[in-house]
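Dear colleague,

Please find below the structure for your review. My findings follow after it.

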Amino acid sequence: MVSLIFEAQPADVYDVIGLGFGPANLAAAGALLEQPRETCPISVNKSLFIERHHEFRWHPGMLLPGTRMQISFLKDLATLRSPQSPITFVAYLHSQNRLVEFINRNCMTPTRKEYSDYLAHVARYVQGQGIKVAYGENVIAIEEGGEGTVLVHSIVLTIGETIIRRAKNLIISPGGSPRVPRCIQSISPHPRIIHSSAYLSSVEPMLDTMKTITRPLKIAVVGAGQSAVEVLLDLQSRLTSMGNSTGQAHDLHLIIRGGSLKSSDGGPFSNQVYNPEFVDVMYDLPSDSRRRVMADYEGTNYGVVNPITLDSLFNVMYDQRVDSDIARCKKNVLAATDAHITIVTYSNLASAEISTHSPQTSTDTHTHTHTFSVLLQNTLTQDFSEATYDAIVCATGYERNSWLNLLKSSGLGKHFGLCATSDNTRLSVERDFRATINGKNGAFKAATNGINGHSRTSVTGINGEKTHAQYTSTETKDSDTIYISRSHRLLPLPTASHGLIPKIYLQGCAEETHGITETLLSVVGIRAGEVVEDLCSNH
């Protein structure tokens, strides 16, 4: 029997509860601390953030040695909003007595390891200033709490206990859930199938399961973005170190849909799309224009790789070609032992299944090996080919729809135009909301039900690599439109009694309305300030 702890008595109402405690809500906590405590209607002592990890963690699966951030250290949790803030990256460096040495590096991008430590440092700081964080809890439901409050249900992961808390406001910053190709989902979970989000903690256990295999290993990495190439290079190093009894090279295949890996466009003019003021530009555009702008700037971040990382990969692949040519000229019968990388272009995973093989030797009678039979479809010719792999790593990004599922399963969703049975949901801006109310876009009911609306799914990786599903008509499906303000607050429908509806904010989920920076770190400090300012002014 599951026990309940009810923290929803009137005296225990929180001013705000944040769902998730990654960089977005961490920045919000810092912005809240900067508000004058004497006049701010939101009390720090009545602010809580709920995080499923047992301690602060930021992409622990991709903290690979030497990997760097893709943005300047100045685009931290606060500098662009408040340079004098105690939670800036410079303040962190000063506290660690590393500021001068960091300057001597003559580099604007810190390592991912250092940036992760910076975020953990800020998490400890805001907690020391009175912000409460409930680690090790997973939010499983929200519901109306009456009198303008919301009840948040979370389960304590270590003991299975469910806690219910009441809040006047919510800030939902869910981050992303690993996205795995559908055909791979059908054979998951499996110790030899991992997602890049858990790569660092899973790669050694995965390789350990294949130590009894005496032939060269063959591993597939799926994806064409930054994470995919970083994983590929790390695996190449690990497999080369492993070696095998045959003296032959292990094989690594990078499976991509396009004809080649693409370099990210990091030029100063292209990067202006990440300027804070560009969010205003995007938000004010008609939806079709926003989509065109998004397409124009995809090369800055989505499905692309940092040029330095690409150079590293090319050099590795060139070196393996040199080794091969030298061995051929010397008529060396032994192939190079470095793990061999092949990029499989214009290929899409069509299906996958597990194959079981008999023991390789007579002394190995209790061991059966598994391989994965994969059907690849050429994206140009539509022809099919088969391939067999010993392991698969999916660097295929993230889904960001957990907030929708929470609202759908609650009674709150209906107040914002969300139906529990809707198949598709689109976000729209406040201008469209006002026009709809005034009848300029047809009947309110038709518009809020998404008639002739469009929907898409977006997934993002650690460095923002993304795959966009095509915008498709939803005339024959249940579809909803949810409206969101410039300050990231969901707008309740006119039929709702606004005084009885809690204020709900979204962070990292509104690329459709706020543009390309929404899921990234570039404006996280600015956005947090906007959310907190709106929260305090509308309390």
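In which helix do Asp-234 and Arg-238 both lie, and how many residues apart are they? Both belong to helix α7 (residues 226-242), where they are four residues apart, about one turn of the helix. Asp-234 forms a salt bridge with Arg-238, with 2.5 Å between the closest N and O atoms. Glu-204 joins Asp-234 and Arg-238 in a network of salt bridges. Asp-234 counts as buried because its relative accessibility is 15%, and the cut-off for buried is under 20%. Please note that the model is predicted.

**Overall composition**

The chain has 539 residues, of which buried residues make up 50%. It contains 15 helices and 25 strands. Among contacts between residues at least 6 apart in sequence, 74% join residues at least 24 apart. The accessible surface of the chain is about 24,600 Å², and 52% of that surface belongs to carbon and sulfur atoms.

**Other salt bridges**

A search of the whole structure finds 18 salt bridges. One of them is formed by Arg-165 and Glu-137, whose closest N and O atoms are 2.9 Å apart. This pair links distant parts of the chain: Arg-165 is in strand β7 (residues 161-167) and Glu-137 is in strand β5 (residues 137-146), 28 residues apart. Arg-165 counts as buried, at 5% relative accessibility, and Glu-137 also counts as buried, at 7%.

Lys-211 forms a salt bridge with Asp-208, and here the closest N and O atoms are 3.2 Å apart. Lys-211 counts as exposed, with a relative accessibility of 61%, whereas Asp-208 counts as partly exposed, at 39%.

**A parallel sheet**

Five strands form an open sheet in the order β10-β17-β11-β12-β13, with parallel pairing. Its edge strands are β10 (193-195) and β13 (340-344), each of which pairs on one side only. On average, neighbouring strands of this sheet are turned by 20° against each other, direction ignored. Within the sheet, strand β11 (residues 218-222) pairs with strand β12 (residues 251-255) in the parallel sense over five bridges. Val-221 stands opposite Leu-254 in β12.

**A nonpolar surface patch**

Leu-74, Val-90 and Met-108 make a nonpolar surface patch of about 220 Å². Leu-74 lies in the loop between β3 (47-51) and α2 (89-95). With a relative accessible area of 34%, Leu-74 is partly exposed; it can therefore count towards a patch, for which the cut-off is over 30%.

Kind regards

Definitions and conventions
Residues numbered from 1 in each chain as written. Predicted model: local features only at pLDDT ≥ 70, side-chain atom pairs only at ≥ 80, totals over all residues. Heavy atoms only, no water. Patch = residues over 30% accessible without salt bridge, like charges linked within 9 Å, V, L, I, M, F, W, Y side chains within 5 Å. Areas by Shrake-Rupley, 256 points an atom, 1.4 Å probe, with all protein chains shown as cover. Salt bridge = Lys/Arg side-chain N within 4 Å of Asp/Glu carboxyl O. Helix = DSSP H or I, 4+ residues; strand = E, 2+ residues; numbered from the N terminus. Buried < 20%, exposed > 50% of the residue type's maximum accessible area, 1.4 Å probe, protein only. Pairing = 2+ DSSP bridges. Axes fitted to C-alpha atoms, helices over the stretch in contact; angles between N-to-C directions. Contact = heavy atoms within 4.5 Å.
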